Structures are given as C-alpha cells and as structure tokens.
Amino acid sequence: MTTADALKREAAAAALEMVANGMRLGLGTGSTASWFVRLLAERVAAGLEVVGVPTSEATAALARELGVPLTTLDDVDGLDLTVDGADEFDGELNLVKGGGGALLREKIVAADSARMVVITDESKRVEWLGAFPLPIEVVTFGTGATLRAIRAAAAGLDLSGSLAFRMDSNGNRRVTDQGNWIVDASFRQISAPKALASALSAIPGVVEHGLFIDLASTVIIAGRTGVERIDR
Ligand code: 5RP
C-alpha cells in the first residue's frame, strides 16, 4: 500500500468509529471515500447493521460488490451521517468537492444528513479555496449562456480564470451520473466562497457547484504524525 493510500485508510478508519448500529449513512465518492466503504463492508460482514445511500454509480457498484446494504433518499427519512472525501477544505470547513464528478449527488446526500464527516489528508488543507479548479455541473443546453453567466458572476466578485469542460478518456465531454456536463473553473483564490456559492446557484443553467458551505460538521485529517479531527 502506498503512503497516500495508508493515510486515506487511516482517515476512513477514524470516521468508521463514528458509525453506530442502525445508522443510515451517506456513502461518498472518490479514492478516500472508497476506503470507508471497504472498511464499512468488513464491519457489515461482522454483523453491523447499517444502510447506505451511495453518492455515485461507482460507489453503488463498490458497495453492492462488498455487500453493504443500500437504500435511497426516497426510502429513508434523512440520514444520520455522511462520510465523504474532499478536494480542498479551509479553516471554516468549507469545501471544494467534485473532483470525481459526483458533486450533485454528494451535495444532496450531505444536505439530507444530520452530520457530514469529511475524510482527508494534509494535502487538502488550504488557506483559500480555489487552487483546485471549482467543478460546476451544468445542463447540456445553452452552455454558451451558462458560461457567460458564470464569468459575469465571478467578475462581480473580482474573480477571473479559465473555464474548461471536463473531458472523458475518449475526448468527449464527461457526462455525470445525472446526465449533465462539468465545467472546471480555475479561480485560483476564492476569497468570498459564500458569495460565490450564492451567485453560481442563481444561474439557471448551473445545476450545482462544488462549493460545500456550512455542510461539513467534522473534518478528519490523516497525517504522518497521526489523525487530527476538527469539529465545526
Ligand atoms: C468526488 C469528490 C471526492 O470526494 C473528491 O474528489 C476527493 O477525492 P479523493 O478522495 O479521490 O481525493 O468530491 O466528486
């Protein structure tokens, strides 16, 4: 196992300690979140009773393969805990997410959870969000108008930067699990994340964006000297 994998596993193991019998869980997406699903599956095999709502088709497939029982947000009355990764987090535990393209389902699931625990390592900690290009999920109709509106919203907050459609391995625009496209916005330093989140949410062609404001209740950071936990 690489050092990076060992840290991801360690963060996932710390989050697993917050899981109790009977919980309804949101299951995140990405390499760190997949460690959580693997460790959870071991506990399920040993008798832990939980149900999970996956935030992507990839996570659903992994959970099914490993025997983690799944449900949907239509079949439960909210979730107790969501465990997910992040691309960046700041001192207020605001996040950039969506590097894996699952931001829309991830945000719906996190928002329906009593708590969201984010599992990370030191490389994700930033003073200012934005070095990681901000994923913005857009409908496939009228993208010219949507991109103009994103640029105008950003300019209103003194932000500029390139907007690039995310591509798949075949050179086509990457289609999300919800059938939309993703634009990655290189704003570099987002000094007013709440204002940018509101401005992007107000654009008709924007389905969702990767700024997770006031959603994370805990961030777990695995590092070479141990595991740090920050609660909001
Ligand atoms: C997927 C996400 C992921 O949680 C984020 O990209 C972090 O992934 P990883 O744990 O592989 O670094 O938001 O949409």
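In which loop is Asp158 found? The model examined here is predicted. In this model, Asp158 sits in the loop between helix H5 (143-155) and strand S8 (163-165). Its phi is positive, near 60 degrees, and Asp158 is not a glycine. Most residues other than glycine have a negative phi. Asp158 counts as exposed because it has 8 C-beta neighbours inside 10 Å, and 12 or fewer meets the cut-off.

Asp214 also has a positive phi, of about 55 degrees, without being a glycine. This residue lies in the loop between strand S11 (211-212) and strand S12 (218-223). Asp214 has 12 C-beta neighbours inside 10 Å, so it counts as exposed. The cut-off for exposure is 12 or fewer.

A further positive phi follows helix H3. Gly67 comes after H3, and its phi is near 85 degrees. H3 itself spans residues 57-66, and its buried residues are Thr59, Ala60 and Ala63. These lie on the same side of H3, because they cover an arc of only 100 degrees around the axis. An α-helix has 3.6 residues a turn, so residues three or four places apart point the same way. The buried residues of H3 pack against strand S1 (24-27), helix H2 (31-45) and strand S2 (51-54). The face turned away from the buried side carries Ala61 and Glu65, both exposed.

Glu106 belongs to helix H4 (residues 103-111). An unreviewed UniProt entry places the feature "active site" at Glu106. Is Glu106 buried or exposed? Glu106 is buried, because 32 other C-beta atoms lie within 10 Å, and the cut-off for burial is 20 or more. Beyond its neighbours within four places in sequence, Glu106 is in contact with Gly28, Thr29, Thr55, Asp84 and Lys97.

The largest nonpolar core has 62 residues. Those with the most contacts inside this core are Ala15, Phe36, Val118, Ile119, Ile136, Ala216 and Ile220. In soluble globular proteins, nonpolar side chains tend to be buried together. Ile220 illustrates the contacts in detail.

How values were computed. Residues numbered from 1 in each chain as written. Predicted model: local features only at pLDDT ≥ 70, side-chain atom pairs only at ≥ 80, totals over all residues. Core = buried A, V, L, I, M, F, W, Y, C linked by C-beta atoms within 7 Å. Helix = DSSP H or I, 4+ residues; strand = E, 2+ residues; numbered from the N terminus. Arc of directions from axis to C-beta. Contact = placed C-beta atoms within 7 Å. UniProt positions renumbered as here; feature names shortened; annotations may be inferred.
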